[in-house]
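The sequence and structure come first, followed by the notes.

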Amino acid sequence: MRKALVVCAAAVVAVATSLVGAQSTVNTNDIVELELLTHTEVSDKIHNQGFTSVLIITGGTEERGPQDVLGGHTIMSRHRGAAIARRLGKTLVAPILPIAVQATGLRENTTQPGGVQMPADVFKGVQLAMIESMYMNGFKDIFVMGDHGGGQQQIQQAAEEMDAKYKDKGVRVYYVPDFYQKTHDDVDMYMYEHKLPIAGHGAMMETSEMLYWEPTPGMFVRPSYKTTVGSPINTDPEVWKANRDRQMAARAAAASGQPAPATGAAGGNAAGGGGGRRGGGAGGGNAAGGNRAGGAAADPNAPPRVDNGLSGDPRPATKEIGKDVAEIGIRNTVAQIKALMAERRGTS
């Protein structure tokens, strides 16, 4: 008995020692999240290691169906932001802002509680303050973006104003719309090409990516996603594709200063380029599309909307699809940041 106790005690000591050892070997060189560093470590990274770039990302807190947790925007932004920073190199990520403009389902006496939002002018003020904080910290290139449709305009305005304010001091501030807009467009096409449900707030895109990032099953996405369906949208993929092609042509014409191409009447139940996915709408039970382009009117013969914060079909979502979705967002953002840096700094 005594021998057994001695062996047991020795095992406990060994485990405790290994835990202490693991805790004492944290490699801060691998940490890119500003909030997980001490001020001396941040100083060393900025002034000695050349970490002069920082990402400011807005997440959000809102309903996204009965299966996905409210903090989805923030969770995805945090993970994707860290991956982007590591891929860029010499880049840190500021604390993710968990509140944006227009939280889906949030209204007086809401039956879909949990959302948190702030007025557009207050949100812009927060963006200005975060940029100013990063300037004071010593960062030279500040990249601002958001994972939520509501607030994109204010993010852009804040970035442009602060860039004008600080560029004579050698500090540049950039708005990075591809983190949101191009990523949604490209994911829509990914779903179309893989014959998966297109678009939808809380549906395939978000549910798959949250499945990919969750550390343990059920933490970010409840198992009910396999049987949960929201309001149907984009029931005819080819009609969606035709609407998308018209929208892309109109955008290209607008960018080049040409007249918008003529468009015919669109049928089916297509929501254009996937409007109504992550952008929040304050009044309705399901999401409005933020600043994403809208498409054709919904099919009047389609089933009535389900007021559960979910539009579209999340049931085919998988971690593997989520990995692809995350990679699209990471790749788009890294590419645009490099292009912006080349344009303003003459660097690759």
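The protein chain has nine helices and four strands, where helices (H or I, at least four residues) and strands (E, at least two) are DSSP runs numbered from the N terminus. The model is predicted: local features need pLDDT of at least 70 and side-chain atom pairs count only at pLDDT 80 or more, while totals for chains, interfaces and linings use all residues. Residues are numbered from 1 along each chain as its sequence is written, and side-chain values use heavy atoms, with hydrogens and water left out.

**Chain overview**
- The order of elements from the N terminus is α-α-β-α-β-α-β-α-β-α-α-α-α.
- Of the 348 residues in the protein chain, 48% are buried (under 20% relative accessible area; exposed is over 50%, partly exposed in between; 1.4 Å probe, protein chains only).
- Among contacts (heavy atoms within 4.5 Å) with a separation of 6 or more, 78% join residues 24 or more positions apart.

**Helix H9**
- The 27 residues of H9 should span 39 Å at 1.5 Å a residue, and the end C-alpha atoms are 38 Å apart, which agrees; the expected span is 1.5 Å times one less than the number of residues.

**H3 against H9**
- Helix H3 (residues 72–88) and helix H9 (residues 319–345) have axes that come within 10 Å and cross at roughly 45 degrees. That makes H3 oblique to H9 (under 35 degrees is roughly parallel, over 145 roughly antiparallel, 65 to 115 roughly perpendicular, the rest oblique).
- Axes are lines fitted to C-alpha atoms, for helices over the stretch in contact, with angles from 0 to 180 degrees between N-to-C directions.
- On the H3 side the contact residues are Arg 80, Ala 83, Ile 84, Arg 87 and Leu 88, and those they meet in H9 include Ile 330, Arg 331 and Val 334.
- By class, this contact of H3 with H9 has seven nonpolar, two polar and five charged residues (Ala, Val, Leu, Ile, Met, Phe, Trp, Tyr, Cys and Pro are nonpolar; Asp, Glu, Lys and Arg charged; the others, Gly among them, polar).
- Arg 331 lies in helix H9 and counts as partly exposed at 44% relative accessibility.
- Arg 331 and Ile 84 are 247 residues apart in sequence, with 7.9 Å from C-alpha to C-alpha.

**H6 against H9**
- The axes of helix H6 (residues 181–193) and H9 come within 9 Å and cross at roughly 145 degrees.
- From H6 the contact takes in Lys 182, Thr 183, Asp 186, Val 187, Tyr 190 and Met 191; the H9 side includes Ile 321, Asp 324 and Ile 328.
- Six nonpolar, three polar and three charged residues form the contact of H6 with H9.
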